[in-house]
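I have opened a new page for a structure I have not looked at before. These are my notes, in the order I looked things up.

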Amino acid sequence: AAYMMVAEAGRLAQNRQEENMRVAWSALSQYGQGFRVQGDALYVGDQRLNDFYEPVDRIRQQVGGVATVFQGDTRISTNILLEDGRRAVGTQLAAGPAHDAIFRRGEDFRGEVEILGATYFAAYSPIKDAAGRVIGILLVGLPKHEFLASVMPNVAFMSLIGLALTAVIAIGIMMLTRRLLAPLGE
């Protein structure tokens with residue numbers, strides 16, 4: 001039952017990511033249509049996205065979790081913080097399934113990933129230019145530990161109940177076995 005609860009929470013997190021991704025695309029579309037790389041910067045419409053934090057902060061306010069805009073595989077706008085409190089701008093997307101889905105196949109990726117040492121339920125979508133080339137990534141994610149925080153007390157409670165029942169049954173079987181085997185000792 002505990003496994004099923006955690007699995008269901010994971011499915012709910014992934015479903016929530018779909019809604020979060022729609023909110024994220026909507027937040028970016030408020031600044032214009034069409035993505036392009038011009039010089040060393042990524043633009044949506046006429047808005048430069050490098051070091052522009054308004055959309056990622058708006059996404060966090062509306063749906064929670066984290067949001068990041070990548071140019072190529074490098075974070076250019078994010079609300080993910082490093083240990084020293086700075087935004088994780090300039091860090092790169094690690095090699096793995098998300099990187100492969102985006103840059104090798106040009107597809108969305110949904111799943112559990114590790115982002116800068118923390119596990120997230122995440123959704124990645126490629127940002128493409130007018131020619132259909134992948135020029136960046138839009139990421140939304142929910143920290144796994146935060147999302148499962150509501151489930152874990154129930155899992156712990158169920159585990160305690162299971163252990164208590166196991167102990168009671170084991171003691172009952174032991175007493176019954178002693179009683180059944182007592183005549184053999186005589």
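I began at the hairpin of β4 and β5: two residues sit between the strands, and Gly 72 has a positive phi near 65° there. For my own record, helices (H or I, at least four residues) and strands (E, at least two) are DSSP runs, numbered from the N terminus. Before going on, I noted that this is a predicted model, where local features need pLDDT of at least 70, side-chain atom pairs count only at pLDDT 80 or more, and totals for chains, interfaces and linings use all residues. Residues are numbered from 1 along each chain as its sequence is written, and side-chain values use heavy atoms, with hydrogens and water left out.

β4 and β5 pair in the antiparallel sense over four bridges; two strands count as paired if DSSP finds at least two bridges between them. Is β5 enclosed or open? Four of its five residues are buried, so β5 is largely enclosed by the rest of the structure. Buried means under 20% relative accessible area, exposed means over 50%, and partly exposed is in between (1.4 Å probe, protein chains only).

On its β8 side, β4 (residues 66–71) pairs with β8 (residues 134–143) over six bridges, in the antiparallel sense. I checked Ala 67, and its bridge partner in β8 is Val 140.

Which residues of α2 are buried? I found Pro 55, Val 56, Ile 59 and Val 63. They cover an arc of only 100° around the axis, so they are on the same side of α2; the arc is that of the directions from the helix axis to the C-beta atoms. After α2 comes Gly 64, with a positive phi near 80°.

**The cores.** I then looked for nonpolar cores, meaning sets of buried Ala, Val, Leu, Ile, Met, Phe, Trp, Tyr and Cys residues joined through side-chain atoms within 4.5 Å. The largest has 22 residues, and Leu 49 and Val 69 have the most contacts inside it. α1 gives the most to this core, with five residues. Leaving aside neighbours within four places in sequence, Val 69 has contacts (heavy atoms within 4.5 Å) that include Leu 28, Leu 49, Val 56 and Ile 137. Another core lies apart from it, with 16 residues, among them Ala 98, Ile 102, Val 113 and Tyr 120.

**Two single residues.** Asn 20 is in helix α1, and at 2% relative accessibility it counts as buried. Not counting residues up to four places away in sequence, Asn 20 touches Val 63, Val 140 and Leu 142. My last stop was Ala 167, in helix α5 (residues 152–185). At 37% relative accessibility, Ala 167 counts as partly exposed.
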